[in-house]
Amino acid sequence: MKFNFVKLDRLPRLSWAAQVKKNVEAIDVYCGPWIETDGHCFVEGAWNSPFEDKDFEKAAVFMGSGGKVLSRKAVFTAATHNLERLFAVRQDDSIYISNSLSFTLSLSKSELNPGYIAYQADYDSITLGFNKGVKSFPLKGGRKITTYCHCNVEVDNELNVMIAPKQPVRDFLDFTDYTTFLRSTLSEIAQNSMSPRRSRQYSLLTTASSGYDSSCIAAIAREVGCSDALTFRDARGPKVQYLGKYRYDRYSRGDSGEEIARILGYKNIFVRDSRDYLKE
C-alpha cells in the first residue's frame, strides 16, 4: 500500500482525510498545506521523540494525528489525549477516515441525521472514560460514523479494521517522579515541534487560569522555554443538576491567569473573553 497525497490550499491547514479502497494499493489522502508528508507517512502535531524518526504511532505522548503505510496495511494514529479523535465511515468498497468530523462527512457524502437528538451527549460521553464513551453515531440513511480515541487504527487492503492500543505511560513513584516526566516529555515535544526537518516549526503556547492544574503546567512550560500564554477573563458557572440532567449556570466567574503568567515570567500574555470567537 502507498499514499497518494493531494494538498489543497483551501482546506484547513492541519486537516486531512483518507480514502482506503478495497484491493487498491494507492490510498488517496487529501490534506491541508501544513500537513507534513514523507512518502510513506503524513502527520500533524508533535510527539515526545525526534521528528525525523517519524515514529509517532509508537509515541507515549502524541499531540496530533497522522498515518503511515506498513507493508500490507495502513495505520492511522489518533492523539494520546481525549480532546481529539479520528472519524471513519464505511461506504460500499471504501473506508473514509479523517481527523475532522465535517471532512469525513463531506468526503464520504454522508449527512448527520436531523432526527437524532443525542449527538452532543454521545460526543461528550468520552469524559466517562476511554472504554465507556459512545463509539459510533448514526447518520442519515442508516449509515454510521465511528470514532477512534487514544488508539491506532489499522486498515488492510481488504478493509479489515483492527484497533491497536497506545503505548501505556509508566506508573509514577511519587509526585516528583510525575513532574520529572512532565518536564522531560514537554521538552522533547518542544524539540520535535521546532525541528529544522519540518516544513513548518511551532513554538510552545501555554494556557493560564486561576486554577491549580493550568498554573502547574504553565510553570513547567516556562522552564522549557515557553514565552507565550493565553488566558480567558471568565469561565462558565458551576455545573448544577436540572431535571435529571446537567447544565451550566448562565453567569460567569473570574478565571483570568494573567497575574499568574506575569509572575511566572511570560513575555507575551494574550487575554481573551470566552465568547470572543462569536465575533469572528
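Two residues are said here to be in contact when they have heavy atoms within 4.5 Å of each other. By that rule, and leaving aside neighbours within four places in sequence, threonine 77 is in contact with Phe56, Glu57, Phe62, Gly64, Ser65, Gly66, Leu86, Cys151, Asn152 and Lys166. The structure is a predicted model, in which local features need pLDDT of at least 70 and side-chain atom pairs count only at pLDDT 80 or more, while totals for chains, interfaces and linings use all residues. Residues are numbered from 1 along each chain as its sequence is written, and side-chain values use heavy atoms, with hydrogens and water left out.

A view of the whole chain comes before the individual residues.

Of the 280 residues, 42% count as buried, where buried means under 20% relative accessible area, exposed means over 50%, and partly exposed lies in between (1.4 Å probe, protein chains only). The chain exposes about 16100 Å², and carbon and sulfur atoms supply 52% of this area. Accessible areas come from the Shrake-Rupley method with a 1.4 Å probe, and for residues only the protein chains shown count as cover. Among contacts between residues at least 6 apart in sequence, 53% join residues at least 24 apart. The chain carries 38 positive and 34 negative charges, whose mean positions are 4 Å apart. In this count Lys and Arg are positive and Asp and Glu negative, with His and the chain ends not counted; each charge is placed at NZ of Lys, CZ of Arg, CG of Asp or CD of Glu.

Threonine 77 belongs to strand 7, which covers residues 73–77. With 0% relative accessibility, threonine 77 counts as buried. The side chain of threonine 77 makes a polar contact of 3.4 Å with the side chain of asparagine 152. A polar contact is a pair of N or O atoms within 3.5 Å; within protein, one must be able to donate a hydrogen and the other to accept it, and residues adjacent in sequence count only if both atoms are side-chain atoms.

Most residues other than glycine have a negative phi. Lysine 54, although not a glycine, has a positive phi of about 50°. Lysine 54 sits in the loop between strand 5 (41–47) and strand 6 (62–70), and is buried at a relative accessible area of 11%.

Histidine 150 also has a positive phi, near 55°. Histidine 150 lies in the loop that runs between strand 11 (144–148) and strand 12 (151–156), and a relative accessible area of 24% makes this residue partly exposed. A polar atom of the histidine 150 side chain lies 3.0 Å from the backbone oxygen of threonine 80. Apart from neighbours within four places in sequence, the contacts of histidine 150 are Ala78, Ala79, Thr80, Phe130 and Lys166. Alanine 164 is 14 residues away along the chain, and its C-alpha atom is separated from that of histidine 150 by 9.4 Å.

Helix 3 (residues 175–193) contains asparagine 192, which is buried at 1% relative accessibility. Beyond neighbours within four places in sequence, asparagine 192 is in contact with Gly45, Ala46, Trp47, Ser49, Pro50, Phe51 and Arg198. Serine 187 is also in helix 3, but is partly exposed, with a relative accessible area of 24%.

Finally, asparagine 157 is found in the loop between strand 12 and strand 13 (161–165). At 13% relative accessibility, asparagine 157 counts as buried. Not counting residues up to four places away in sequence, asparagine 157 touches Met1, Lys21, Lys22, Asn23, Glu25 and Arg72. Lysine 140, 17 residues apart from asparagine 157 in sequence, is 27 Å apart in space, C-alpha to C-alpha.

Note on methods. Helices (H or I, at least four residues) and strands (E, at least two) are DSSP runs, numbered from the N terminus.
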